[in-house]
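Me: I've got this one open and want to talk through its aromatic rings. Can you walk me through them?

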Amino acid sequence: MLKLGLGFGFIAFAPIFLGFLFQRYVADDGIGVWLIVFVVASSSFVVVLLVMVGFRGCFSSLLHYMLPRKRACEGAVVEEDRDTNNNNSASASPIKRHRIGCFSAHTAGPATNVVSSSSSNNNHSSSSVAKQEEEHTIVMAMGDSNPSDIDEDLHSRQLAVYGRETMRRLFASNVLVSGLQGLGAEIAKNLVLAGVKSVTLHDEGVVELWDFSGNFLFSENDVGKNRALASVQKLQELNNAVIVHTLTSELKKEQLSDFQAVVFTDISLQKAIEFNDYCHSHQPPIAFIKTEVRGLFGSVFCDFGPEFTVFDVDGEDPHTGIIASISNDNPALVSCVDDERLEFQDGDLVVFSEVHGMTELNDGKPRKIKNARPYSFTVEEDTTNFGTYEKGGIVTQVKQPKVLNFKPLKEALRDPGDFLLSDFSKFDRPPLLHLAFQALDKFVSELGRFPIAGSEEDAQKLILLAGNINETLGDGSLKDINPKLLRHFAFGAKAVLNPMAAMFGGIVGQEIVKACSGKFHPLFQFFYFDSVESLPTEPLDSSEFRPLNSRYDAQISVFGSRLQKKLEDAKAFIVGSGALGCEFLKNVALMGVSCGNQGKLTITDDDVIEKSNLSRQFLFRDWNIGQAKSTVAASAAALINPHLNIEALQNRVGPETENVFDDAFWENLSVVINALDNVNARLYVDQRCLYFQKPLLESGTLGAKCNTQMVIPHLTENYGASRDPPEKQAPMCTVHSFPHNIDHCLTWARSEFEGLLEKTPAEVNAYLSNPSEYAAAMRNSGDAQARDNLEHVLECLDKEKCETFQDCILWARLKFEDYFANRVKQLVYTFPEDAPTSTGAPFWSAPKRFPHPLQFSAHDPGHLHFVMAASILRAETFGIPIPDWVRNPKKLAEAVDRVIVPEFQPKKDVKIVTDEKTTSVTAASVDDALIINELINKLEHCRKNLPPGFKMKPVQFEKDDDTNYHMDLIAGLANMRARNYSIPEVDKLKAKFIAGRIIPAIATSTAMATGLVCLELYKVLDGGHKLEDYRNTFANLALPLFSMAEPVPPKVIKHRDMSWTVWDRWILKDNPTLRELLEWLKAKGLNAYSISCGSCLLYNSMFPRHRERMDKKVVDLAREVAKMELPPYRRHLDVVVACEDDEDNDIDIPQISIYFR
């Protein structure tokens, strides 16, 4: 800038000028003093100028562009009123002001976090600012969907669930959370992680020791502080792109107009009705949620306005089908290929496309279907006079918006309609809880306090109030108000338990997302839940509930002090510290699990923290990226509860770490909690828990769905007893030659990427590191795979060897021609469009799509981008410097134009695999061995021409780095192939989801799953609960759907007067001989005819020589025959015995453990 002769004067006044230029709104009042850091960089120096100015609001928009941020956001910050009781504080809304300043509370880490607070309780003015903002608000109070920058690295898993449009609406949404006890904290955490525009925390109360059973944000130093102020800093750290405000004084209904959604967790019914009426009648309506957690009971009420539009009721992709035939009838019968079952339902609307012959259906008009079958349906259309169907066609579901008419709270209390059920064994429970929560509100309003835990007098008072309310219901009254249940409700009414807060925090957090975006079907309108089965099985004396002046007093008021002691002395093992693991650590820390002198919590995870983790794994911060997950998570959990006895390990749990997680480790455990993300690891842990008879609490999430499974010794089946069917894989020939959807194209693209940039360079290095050994291995293999490997290595070192970046461009351009022109030309030459099959049917019939070759054009951005990404990555494998000009489209096009592309001529007799059962596209040949020898000789000649020490640099696919061009190349490969086959293309983000096999994940479903598991943890650690007390759960927060049921018992095998299940393991001690083992079984009426250890047979009654082993120790046979190595930490070995009874019937007996030490 100085070189332009503008000087320092321009630099000083430029911010002022730009402030006026960009200004959109005027600040409400006062003259502020703002600090602007204006940085000017040149080739020789950096000038940093601090300008102190005091103009009224003129810098608001400028700061919006200048302040560092993760995305564009228009928040607001107001100064804290230091006298929280001053009713004359500034009346301006904390949302209406533009973001022009900030203050920072104490910083807990390297990052500086922007927070704000306000204790204003004056009515809000209806200024022109408010009117301007309302003009930008979508009907039904949804956030403005104007495009905002989405940090795809951070939100990739969430984007896979919501999509960009929903995320943009969230980014524009302001939310109020009132009540910062445990439930409010969980809701606020989930919203900040989701990335709403702002979250305002409202609470007039102060932190008490009682709050520590539910709120993970508080520390002992916060006791006596306002709850909202004590929460704001830690919530802000979760996501600096979300503005976190506070309100610490009484809330007025007019202030609610600043928000798209408001949620109240601790409010009287009278006040809730007042606020709800205001929100319901506001234009546009403000989404209102009232939710409570009272001990083991919870409730949610939602009102999103008189007419709320749901744009996507379930979040699933529209169902599609590939058409095989359409009849000329009224109604028309549509048959689809049997490649995949149709998911259509009667009444769905569908559109047709790409239909040949009956082209009248390609008009884009939605048509209703009926008589939906797995592979056919009828469409309400008279096709009698339409053209005759010839071939092709795609049918696609049209997802319709749904309008919901919510009733306000006052009306819904009298006429609640249908309750959302969670447990069909409690189908009569919701009406009773609807009554109970109203009775509790009346109790608190009359006595000014909650019922005291263990007080029979208070319980009877609440039961009486419930009865009185019930009598006023007339025909809608309940016959039985269940005094026993109401007694439990009264005893725990004051407590906010963390598992309940986590569960309801997930549910309510998701409802707010729905309210702000229209994505997913809202809860309509009441949901009640209880987990009284979690209470101890033994009756408790009232003295058990007495507070001990500890952080667990709220939990003790529900479960008693004896169970609290069991929790503290538990020895728990959490496997995994990702999203589930972080939530579990927070929950168990607040519950006091492993926090006593005898307790210990072990957590292990071999992974490190990545940026994409931060949107769900809330114990991590951006400065933790690259650090071990388990270590960081354990440290964060210890801050939540300093009494937590935790050990963090970085070991994968598997056969290779049985020296770490040895017999003594497993035998000493009280419970195992899985927080894993893959089935194989789950199955291994399941087998360990089965073997050592330890309870396993299992859970998992997939987008808005979650499930939990309780694996309890001798009560339930184990995790591995039932498995999901394997995912259907596309045949190899479909992926390589006949794709018909984008998934096929992306699968092929990922395979080509790995082959070109990782496997082949690795093969080159393997050859160069030891040519003679590599050549010998290839000769020994002598198959088509070895031939392929050698051909690729030779290509890399000979014809396709790159020495300059122009060589890389040449390679990329020729790859484009090979993939998207030549191969297609060969395919359609071998199989012309009118080619028949061996049966005479058209070869190119559904689901096959006839391809067309591409003509390269440097003016096509897709073509040019493919060449750029491919040439950059090719240069990386050869260690060639990448010039800056490659990212200039004009210069890159000039370089590509210099490439001479040879003319292609299709060949006769080329074999193209069409058999769907074939697993390889490379056919074996009788000449493979001869060809391999020739290739090795050519390779040896090439090697001599290489520079000394030449090595290639294999590129390992990394999906989460948007600067490495990996996904650019994969998306380019897939989309160009899609163009060949007239398949709709996808953007890079969608390509990343599919090719990167990204599992959709959001914080809300994770929180709900862990809350449900921890409600079961109470039962496990208490002991003595029956099968019917436990619950497995499947939930889909998108619908919403909650399905809870008792677990399946294990299969029982009976023999004589004995019975056993998969949980039983027979133990034989004192280092027995083979004879002693056989006699021990004989005494049980079992004749053993085969004994094996691992994969080796130790004994079989059919082999005479095996009788010579009868007097040998079983452990010695294992060492000699099975070659088993038994390390010092192993005290036993396991054998599998096949037995018959005296009638020669096979009997499946448990595994037998032989203890030799």
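Predicted model: local features only at pLDDT ≥ 70, side-chain atom pairs only at ≥ 80, totals over all residues.

Me: What kind of aromatic pair do F308 and F406 form?
Reply: An edge-to-face one, with 6.4 Å centre to centre and 80 degrees between the planes. The planes count as edge-to-face because the angle is over 60 degrees.

Me: And which parts does that pair tie together?
Reply: F308 is in strand β9 (residues 308-310), while F406 is in the loop between β16 (402-404) and α9 (409-414), so the pair joins parts 98 residues apart in sequence.

Me: OK, what about F816 and F820, how do they pair?
Reply: Edge-to-face, at 5.1 Å centre to centre with 70 degrees between the planes. F816 and F820 belong to helix α24 (residues 805-830), and because they are 4 residues apart there, about one helical turn separates them.

Me: Buried or exposed, those two?
Reply: F816 is buried, and F820 is buried as well.

Me: Stepping back, how many aromatic pairs does the structure hold?
Reply: It holds 47.

Me: Which residues do ring pairs link into a cluster?
Reply: The cluster is made up of F264, F275, F288, F297, F301, F419, F437, F489, F526 and Y528.

Me: Switching to charges: what sits over the ring of F738?
Reply: That's the charged end of K848, 5.3 Å from the ring centre.

Me: And where does R1065 lie?
Reply: Over the face of Y691, with 3.8 Å to the ring centre.

Note on methods: Residues numbered from 1 in each chain as written. Heavy atoms only, no water. Phe/Tyr/Trp six-rings, centres within 6.5 Å; stacked < 30°, edge-to-face > 60°. Helix = DSSP H or I, 4+ residues; strand = E, 2+ residues; numbered from the N terminus. Buried < 20%, exposed > 50% of the residue type's maximum accessible area, 1.4 Å probe, protein only. Lys NZ or Arg CZ within 6 Å of the ring centre and 35° of its normal.
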